[in-house]
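Hi everyone, thanks for making time for this one. Let me put the sequence and the model up on the screen, and then we can walk through them together.

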Amino acid sequence: MNIASYASVGLLIWGCSSLAQAADNCHVALRGDDNMRFDQTQLTVSSQCEAVTIELVHSGKLGANVMGHNVVVTLTGDFKDVAKAGMKAGPGNGYVPVNDGRVIGASDMIGGGQSTSLAIPGSRLQAGEDYTFFCSFPGHWTMMKGTLVVN
């Protein structure tokens with residue numbers, strides 16, 4: 001084998017490992033607590049995913065009626081309006097507006113010690129778009145928010 005062949009094989013292996021690594025980034029974990037905080041302000045997923053799963057664990061002790069948390073994903077430009085519409089939707093709808101096309105995904109509302117997850121079809125997420133994830137419990141969305149990066 002000559003140097004060009006070694007270089008070609010090396011690039012092929014590097015390229016395949018990069019694709020495999022990107023495809024593996026389809027499941028992310030997020031924690032919320034009784035201090036109205038998520039443990040991360042940025043989540044990164046791959047545009048190659050058939051579905052993206054966001055798992056939410058509420059590490060606090062307070063109930064969902066007092067300190068409930070969920071995770072909602074929207075385009076960043078829609079997030080504040082969706083959060084406000086969620087307050088009007090009320091607790092029976094988990095503070096998420098029903099049949100609102102601006103909601104890309106939303107988990108159930110949970111209390112301390114509980115966990116939930118949501119799955120978003122990969123086709124709903126595009127690399128380069130600006131997405132926000134947030135908790136839609138009244139008032140929480142002002143602090144409990146972050147960026148969802150699709151690469």
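Let's start with confidence: over which residues does pLDDT stay under 50? That is the stretch 3-23, for which the model has six contacts beyond four places in sequence, a contact being heavy atoms within 4.5 Å. For the record, pLDDT is the predictor's confidence in each residue, from 0 to 100. The average for the chain is 89, and 84% of the residues score at least 70.

Now some housekeeping. This is a predicted model, in which local features need pLDDT of at least 70 and side-chain atom pairs count only at pLDDT 80 or more, while totals for chains, interfaces and linings use all residues. Residues are numbered from 1 along each chain as its sequence is written, and side-chain values use heavy atoms, leaving out hydrogens and water.

On to the fold. The chain has three helices and eight strands, in the order α-β-β-β-α-β-α-β-β-β-β from the N terminus. Those are DSSP runs, numbered from the N terminus: helices are H or I with at least four residues, strands E with at least two. Take the contacts between residues at least 6 apart in sequence: 71% of them join residues at least 24 apart.

As for burial, 38% of the 151 residues count as buried. Buried means under 20% relative accessible area, exposed means over 50%, and partly exposed is in between, with a 1.4 Å probe and protein chains only.

β2 runs parallel to strand β8, residues 145-150, and four bridges join them; pairing here requires at least two DSSP bridges between two strands. One of the partners to look up is V150 in β8, which bridges to V45.

Finally, the cysteines. How many disulfides does the count come to? One, where a disulfide is a pair of cysteine sulfur atoms within 2.5 Å. It joins C26 to C49, with an S to S distance of 2.1 Å. The pair links distant parts of the chain, 23 residues apart: C26 sits in the loop between α1 and β1, and C49 in the loop between β2 and β3. The link of C26 and C49 is left-handed, with -95° about the S-S bond. C26 counts as buried at 18% relative accessibility, and C49 is buried at 6%. C135 is buried too, with a relative accessible area of 0%.
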